[in-house]
Amino acid sequence: MIADLSADEEKILNDVKIRLAKYGKERGQLIPILQMIQDKLAYLPHITMEMVAQHLDIPPSEVFGVATFYNQFRFNPPGRNPVKVCLGTACHVRGGDIILENFERKLEIKEGETTSDKEFSIERVACVGCCALAPVTLIGETVHGNMAPSKVEGLVMRVQIEKEMKEREKQKNESGQ
Amino acid sequence: MNPVNNTSSDQIFSAIQEEAAKRRKANEEAPGCKIHIGMATCGIASGALETKAAFEDALSQRGIEARIHTVGCIGHCYAEPYVIIDHPESGFPPIFYPDVTAGKAKMLTKLFLEEGDPRLEHILGATEENEMIPSVMEFPRFNLEKRVVMEKCGRIDPEDIYEYIAEGGYTALVNCLRRTPAEIIEEIQNSGLRGRGGAGFSTGRKWELARQTQQKDKFVICNADEGDPGAYMDRTLLESNPHQIIEGMIICAYATGARQALVYVRAEYPLAVKIVHTAIEQAKSLGLLGKGILGTAFDLEIEIFEGSGAFVCGEETALIRSIEGYRGMPRHRPPYPVEKGLWEKPTIINNVKTLASVPPIIENGAAWYREIGTENSPGTAIFSVVGNVTHPGLVEIPMGVSLRTLIFDICGGIPNKKAFKAVQIGGPSGGCLPEKFLDTPIDFDSLTAAGAMMGSGGMVVMDEDNCLVDVSRYFLDFTQKESCGKCTFCRIGSYHLLDTLERLTKGEGRETDLDQLQQLSEDIKNGSLCGLGKTAPNPVLTSLRYFKEDYIAHAEEKRCPGLTCRALIAFYIDLDKCARGCDACVGVCPTEAIFTTSNRKKGVDQSLCVKCGECVVACPPEYDAVEKVSPPGLAPIIERPPEPLAKKIVS
Amino acid sequence: MLTLTVDGKEIQAKKGTTLLKACLDNDIYIPNLCYIDGIEETAASCRLCFVEIEGEEKPVTSCTVPVKASLKVKTDTPAVRRLQKTALRLLLSVHHVDCKNCPANKKCALQDMAKFLKVGLKPGHLQHCLKEPEIDTSHPCLDYYTNRCVLCGKCIQVCLTHNGQPEITFARRGFNTVVSFFGTAKNEKDSCDECIRCVDICPVGALVLKSSP
């Protein structure tokens, strides 16, 4: 739970500090500030909550209490390809939980976890609002409608292949130069 | 506040109206055809961006002049992504095309826009009456609706304020600025408008209470914290016609004496946030918001607050706490927010649909509104109808229409020749109604009397293959996760309701379970602090009342009549129907549970099967060999041949 | 002073007080956990202090009702007792009943209520469920016993009243709600050592002083 930030994150953190200074110091700013930080870092490292507490002059426990109350905030970094399985009512009626289970099985992680290579994470979301396409899954920002358990493997593979292709291209470019 | 001398505000506004009319005329008279594409979240999710790009590509490739007009959502989700093509030169009226993929977009550009053939096999209908092709208005999905709140949705570009004004927008506000606040509230009271957030409190009375308080600073909050996992009408309204809501908020603030307003919208709705933001900026730039609105002495600022995702924040006292920067936990009412709300100031909190109903009421008068709907529930209701219906989507109907009309006539009934089983109305706070309630008129009081509630307007239609115990478990899983944890009954009680329901769906039910569900549900209903807890047991209470046989089957026979609860079902392959040598099911099975028998047919290894049902879909319809049974013991056991044999067959 | 009738007995109460306080001041016991004498805004979260008031359909929490002259109140009706017993059972279903090893033994609010309502310290047919971890030891001088806590919030309230800003807080949500010490690093040691109002007010022994330094 100790701040253990990557070099990239350290860089972003400096940017966050500059932005933070522009926010007012009243309590009503707490949630907008947390949203800003999560927007930049994709999660709320503990050190940021201490920073916010200092900025607003409230105990860190208050920040923690508020942050842990809301679904939006997360405390560990998501994967590069966050898989969000919709479990809204329409998706449930059409077997959304089976889709979730298939992702869990394929990626060998549970909902709320991130794969060890940081490539994927799985989340459940309550209704992304495309009920007519149920069941629905988002990978990154892309919506995949009319999901079926047999499509799960293909989708995961597609992400992996795309990544490999990109890497190969990068290598090719590098060796070409 | 007294009405100010408003001749100047009329003048200012007519100048804006003239500009709007001018722009509209220029668009209408522009050469070439017009392509209207629905670009709300649902449209984009279905691929509207690709469709738009395909049109753009094809148009420039072929050198065709056309205007692509992005509009909001019209609520016909089954047709997404849809386009309406207005091609006057072809001689055809504007035509509605459903399911326009990128490929179809390219095809239509070539064949219709270039060559004049509208490809009638792809159309849904014309959007205007004409002699040539049937109009969409001949379909019940269109003609049984009555659009008041959603009237302009899908017709205008939500990011262009002039389009709203050209359609008559903001005239209600100008009208209001000529009247006293008391007159406006009287009009709203006479209209009989009731809050669309679920409970149905009189909007006029709420406003009157707020107007009468002596405190100086007051707030208006538009509650767009839509949390029901199956309802999305608030988002659609914000994304398709934000100005109607903003106009309603300005009128509300004027009538109640508020000078500050807030839109509380979920952060999970990024497009809605962006569109409302643009709308506020545009309204400001035209002097419809900010200091001295339309030259009067009336000031109003509207800000956006992004809710961080907690269902309980739809409850008004919790919503206020979260804006103040605290954990969104409800408190006891009274005092009501109208007396003591945000920052302890009087606060009027209205739902999106309530506020969006205000401009049409002012424009057309209370008497007009009273004509729509029923005596005690005037006006319209918006439902998001999902689940097992042919034409899902958003439907706006006059109050008093029967459930049967809504589900069977407007939404096309149950697909795949299945029988209707139940309809769940009102989301996690609502209830499940069986067939005998299909003729119940839809209004606040009739639904409550039947045990459901208007609630969020979420409606899930279930057919014979759905399990009511599972649906109750689903909703309890949701409310249990969303309970704020403050009060004992909701925090721990909902946990035990869920625990019991989970046991039932796993076939681990106990003798005492049904009684315990009933008693605990009643206690949670009577003992909880806020509306979330008080209504959380509703899905259980109604399904226990109307579908007790489902519960008994689970508890006593360990059988799921809807063949839904996976622990209580099994799949097997009927060897008489299975085709020798066909591998369709093997290919789709995610767990390699399907094996080849010694005579090259297929069997299911029950210990590996996760009951996802993919093999049922994969099995070619001419064989239809996969069977689903409950309890699982009914499945015949087919031995897996020893490994070497299996290998030999494969080789 | 106002006169109201509780269980057929006339009692006097000052205008502005709540019905719960009026009853307690007149030696009429109503089970409660989250009420703090002297703090105006009530949490109304424990849902135990139900009473029936003539003219009202259902039992109401007495901590949220301001006294009014000629109120007719009953504290012992079947509906009231049913809700109170359910609430107590719910609390016990997530409570680690181990009274022998608990510092609150014999002065515990749960024990008192069970005795008053004539029920055992058992959750009935409800499944017993305990949370992990059993103890939060992250505070320099306090220990928090997750499965003793009834989440009445009194500790947070007194800390807020006394220190202006609460050093302890509710964290997480719903069934997983806990009292948390997040960020109360070593520097709190001195001030907390001196205060310990939270330990004193805890009705169930969930917050205790660290036994050894």
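This is a predicted model: local features need pLDDT of at least 70, side-chain atom pairs count only at pLDDT 80 or more; totals for chains, interfaces and linings use all residues.
Q: Domain bounds come from an automatic or database domain assignment; how far apart do the C-alpha centres of domain 1 and domain 2 of chain A lie?
A: Residues are numbered from 1 along each chain as its sequence is written, and chains are lettered from A and ligands numbered from 1 in the order in which they are written. In chain A, domain 1 covers 7-67 and domain 2 covers 81-176. The C-alpha centres of these two domains lie apart by 29 Å.

Q: How many helices and strands does chain A have?
A: Helices (H or I, at least four residues) and strands (E, at least two) are DSSP runs, numbered from the N terminus. Read from that end, chain A runs α-α-α-α-β-α-α-β-β-β-α. The count for chain A is seven helices and four strands.

Q: What percentage of the residues in chain A is buried?
A: Buried means under 20% relative accessible area, exposed over 50%, and partly exposed in between (1.4 Å probe, protein chains only). Chain A has 177 residues, and along its principal axes its C-alpha trace spans about 55 × 50 × 25 Å. The buried share of those residues is 51%.

Q: How far apart are the mean positions of the positive and negative charges of chain A?
A: Lys and Arg count as positive and Asp and Glu as negative, without His and the chain ends. Each charge is placed at NZ of Lys, CZ of Arg, CG of Asp or CD of Glu. Chain A has 23 positive and 26 negative charges. Their mean positions are apart by 4 Å.

Q: How many residues do domain 3 and domain 4 of chain B each bring to their contact?
A: Contact means heavy atoms within 4.5 Å. Among the domains of chain B are domain 3 (380-466) and domain 4 (469-557). Their C-alpha centres lie 22 Å apart. Domain 3 brings 17 residues to the contact, and domain 4 brings 13 residues.

Q: Which helices and strand are among the elements that cover the buried residues of helix 9 of chain B?
A: Helix 9 spans residues 203-212, and its buried residues are T203(B), G204(B), K206(B), W207(B), E208(B) and A210(B). The cover over them includes, in chain B, helix 8 (181-191), helix 11 (242-256), helix 13 (316-323), strand 9 (347-351) and helix 14 (352-364).

Q: Is G192(B) buried or exposed?
A: G192(B) sits in the loop between helix 8 and helix 9 of chain B. Leaving aside neighbours within four places in sequence, G192(B) is in contact with R370(B) and P378(B). Because its relative accessible area is 14%, G192(B) counts as buried.

Q: Which residue does a cis peptide bond join to A134(A)?
A: Most residues other than glycine have a negative phi, and most peptide bonds are trans. In this cis bond, omega is about -10°.

Q: What is the phi of R600(B), a residue that is not a glycine?
A: R600(B) lies in the loop between strand 16 (594-596) and strand 17 (602-604) of chain B. With a relative accessible area of 43%, R600(B) is partly exposed. Its phi is positive, at about 60°.

Q: Which residues does T5(C) contact, leaving aside its neighbours within four places in sequence?
A: T5(C) belongs to strand 1 (residues 2-6) of chain C. T5(C) is buried, with a relative accessible area of 17%. Its contacts are E10(C), L71(C), K72(C) and V73(C).

Methods. Side-chain values use heavy atoms; hydrogens and water are left out. Domain bounds come from an automatic or database domain assignment.
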